[in-house]
Amino acid sequence: MAQDVPPKASFLAVAKAVFWSFFGVRRKADYDRDSASIGPVQVIVAGIIGAVLFILTLLMVVRLVTS
Amino acid sequence: MSAVLDDHGHDHGHDDHHHGYSGIMRWITTTNHKDIGTLYLWFSFTMFMVGGVMALVIRAELFTPGLQIVNPDFFNQMTTMHGLIMVFGAIMPAFVGFANWLIPMQIGAPDMAFARMNNWSFWLLPFAGALLIISFFMPGGAPGVGWTMYAPLTVQMGIGMDFTIFAIHILGMSSIMGSINIVTTVLNMRAPGMTLMKMPLFCWTWLITAYLLIASMPVLAGAVTMTLTDRHFGTSFFNAAGGGDPVLYQHIFWFFGHPEVYIIILPAFGVISQIIPAFSRKPLFGYASMVYATASIAILSFIVWAHHMYTVGMPVTGQLFFMYATTLIAVPTAAKMFNWLATMWRGSLTFETPMLFALGFLFLFAIGGFSGLVLALAAVDIQLQDTYYVVAHFHYVMVAGALFTAFAGIYFWLPKWTGRMYNETLGKVHFWLSMIFFNMIFFVQHFLGLAGMPRRIPDYPLQFETWNKISSIGAFGFGLSQLLFLYIVVKAITSGEKAADKQWEGADSLEWTHLPSPAPYHSFETPPVVK
Ligand code: HEM
Ligand SMILES: [Cu+2]
């Protein structure tokens with residue numbers, strides 16, 4: 001994968017991209033920026049963090065409605 | 001790899017010529033991705049027929065109340081083997097067949113990364129299939145435990161159970177090797193300029209599916225191995241008498257099982273995402289969101305498994321967690337549906353057979369998705385669990401979802417694979433017959449389930465008779481319609497009209513734009529340059 005590597009995306013940018021990916025939607029302009037600047041490792045790490053946060057949020061909601 | 005390169009280091013203009021063995025040995029020793037793709041597809045179709053006959057035995061027995069044709073034990077063997085053979089023998093290999101044929105051509109690679117391992121992945125399958133079928137002839141017959149192979153029944157079955165366990169091991173090995181091959185091919189062998197985000201969506205869905213397979217097949221292997229050691233080596237993982245826990249089995253199985261349903265449907269999403277743009281003559285709407293949605297469906301699929309287990313007893317917090325997580329999966333799935341619809345919006349649509357099957361998919365998969373959401377609600381599921389409603393749900397997603405898509409894909413790529421066209425009229429007849437009979441079999445099963453008819457029973461009370469009759473008639477109609485499919489494909493291969501290189505006006509991936517029909521035996525030995 002000999003992709004050229006433009007400036008690395010900030011943590012916030014990656015987090016945003018992953019958030020939208022859980023939703024399954026992404027604006028074209030934003031996506032073009034993401035795909036130029038976000039590396040695969042960043043996506044995987046952010047994806048796992050995102051999944052853990054997702055689980056924790058659900059657990060909190062469950063706590064809330066059952067307490 | 002070397003076998004491919006050695007023979008063809010130079011260009012000598014008779015591409016369809018095979019070196020080395022001929023006859024049956026060609027197929028046994030082949031390392032060519034197209035040959036192996038063909039093998040996978042024919043194997044899949046054979047298993048589809050075998051599993052289909054079992055389904056007809058089931059539906060024949062259920063035609064009227066009372067026991068007529070088979071005894072209850074054999075009935076259970078039929079439901080079990082029907083499920084295992086259709087899932088592992090028919091649907092999964094069909095899409096691996098598509099992957100073999102298409103991924104190298106679509107990314108501009110000469111072959112799969114590990115050509116010999118590819119041969120091995122395929123040739124494991126007939127042996128696994130044979131083990132499943134031989135188990136019928138063992139003392140006690142095939143296991144009658146259901147395709148989910150729940151303990152404690154599995155601990156009590158005869159030797160047929162061991163055959164099934166080994167078959168699962170072999171199938172799992174085959175899937176894992178196939179997945180490693182796909183991941184390596186997609187990540188390392190793309191033509192210059194073919195960035196990941198330029199790949200046809202089919203390659204993306206398979207890349208993600210391959211990771212799902214690598215993550216989930218070992219879990220299934222673990223579950224059946226624990227069953228095996230419980231049976232023969234004195235362990236008690238699942239055997240309550242020895243301090244084990246049968247519910248543990250269900251957790252392990254469904255931790256595999258729910259990702260598995262996405263393993264089945266994601267490649268189908270990929271095929272649909274190639275076909276709908278082609279017949280809408282528009283690029284896929286929201287390509288990037290499709291990739292993102294596929295990835296998030298894959299991740300979420302690992303945290304919803306206990307929606308299959310609401311009735312085994314779990315704390316209300318657990319029920320709520322799995323219920324929320326499951327219903328949230330519908331969000332990325334809906335994003336995909338939206339994108340397909342938006343792709344068609346204002347496109348110049350035509351309705352050839354592949355498109356008809358793709359639309360059939362959209363329509364019926366939506367029904368299956370909705371019934372899934374109904375089942376995801378714990379309070380409702382406690383009523384519906386283990387009824388025909390569940391049977392209706394998963395056949396809408398697996399038959400109308402995955403199988404219809406496989407049909408769509410075969411009609412779509414047959415001209416590229418064989419250089420010949422199928423008969424369009426007959427293709428349409430096949431579609432309409434399948435559509436009508438499919439709904440006749442399975443739509444009425446929603447009613448049966450809501451009225452309380454349990455699944456996996458050979459006999460039922462009189463009040464269920466009418467819908468069961470309709471369902472059984474539909475089943476025989478559906479089965480016969482598939483013989484028409486076989487006829488159409490064989491007729492196309494032997495005497496179909498010559499297909500154009502770019503048979504479908506709107507198709508734009510490399511196999512259509514850069515390769516003749518039929519695609520030469522070795523393609524892209526010099527990679528194309530993708531702009
Ligand atoms: C919107 C997406 C989906 C949701 C919310 C969903 C939900 C569910 C739920 C809650 C059950 C358990 C029902 C019960 O046993 O009482 C179930 C069963 C099942 N689903 Fe889905 N499902 C979805 C999509 C799919 C897809 C795409 C497939 C396969 C291609 C699939 C295949 C199955 C199978 C095979 C079963 C039954 C397993 C068995 O007990 O034998 N589902 N689904
Ligand atoms: Cu599930």
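Fourteen residues line the largest cavity of this structure, and Tyr40(B), Met92(B), Val96(B), Ser174(B) and Ser175(B) lie nearest its centre. The structure is a predicted model, in which local features need pLDDT of at least 70 and side-chain atom pairs count only at pLDDT 80 or more, while totals for chains, interfaces and linings use all residues. Residues are numbered from 1 along each chain as its sequence is written, chains are lettered from A in the order in which they are written, and side-chain values use heavy atoms, with hydrogens and water left out.

A cavity here is a set of points, on a 1 Å grid over the protein atoms alone, where a 1.4 Å probe fits but cannot get out, and its lining residues have an atom within 4 Å of a point. Points are joined across faces, edges and corners, and the volume is the space filled by probe spheres set on them.

The largest cavity has a volume of about 130 Å³. In chain B, α4 (72-107), α7 (159-188) and α8 (201-232) each supply at least two residues of its lining, with α7(B) giving the most, six residues. Helices are DSSP runs (H or I, at least four residues), numbered from the N terminus. The lining of the largest cavity comprises ten nonpolar, four polar and no charged residues; Ala, Val, Leu, Ile, Met, Phe, Trp, Tyr, Cys and Pro count as nonpolar, Asp, Glu, Lys and Arg as charged, and the others, Gly among them, as polar.

Turning to the second largest cavity, about 50 Å³ of space lies there. Its lining includes Ile91(B), Met92(B), Trp206(B) and Ile263(B). Two or more residues each come from α4, α8 and α9 (246-280) of chain B, and α4(B) provides the largest share, four residues. By class, eight of the lining residues are nonpolar, one is polar and none is charged.

Contact (heavy atoms within 4.5 Å) takes in 20 residues from chain A and 23 residues from chain B. The two chains bury about 1,900 Å² between them, 80% of it on carbon and sulfur atoms; buried area is the accessible area (1.4 Å probe) lost on putting the two parts together, summed over both.

Key
1 Å grid on protein atoms, 1.4 Å probe; cavity = no way out; pocket = protein on both sides within 12 Å on 5 of 7 lines; lining within 4 Å.
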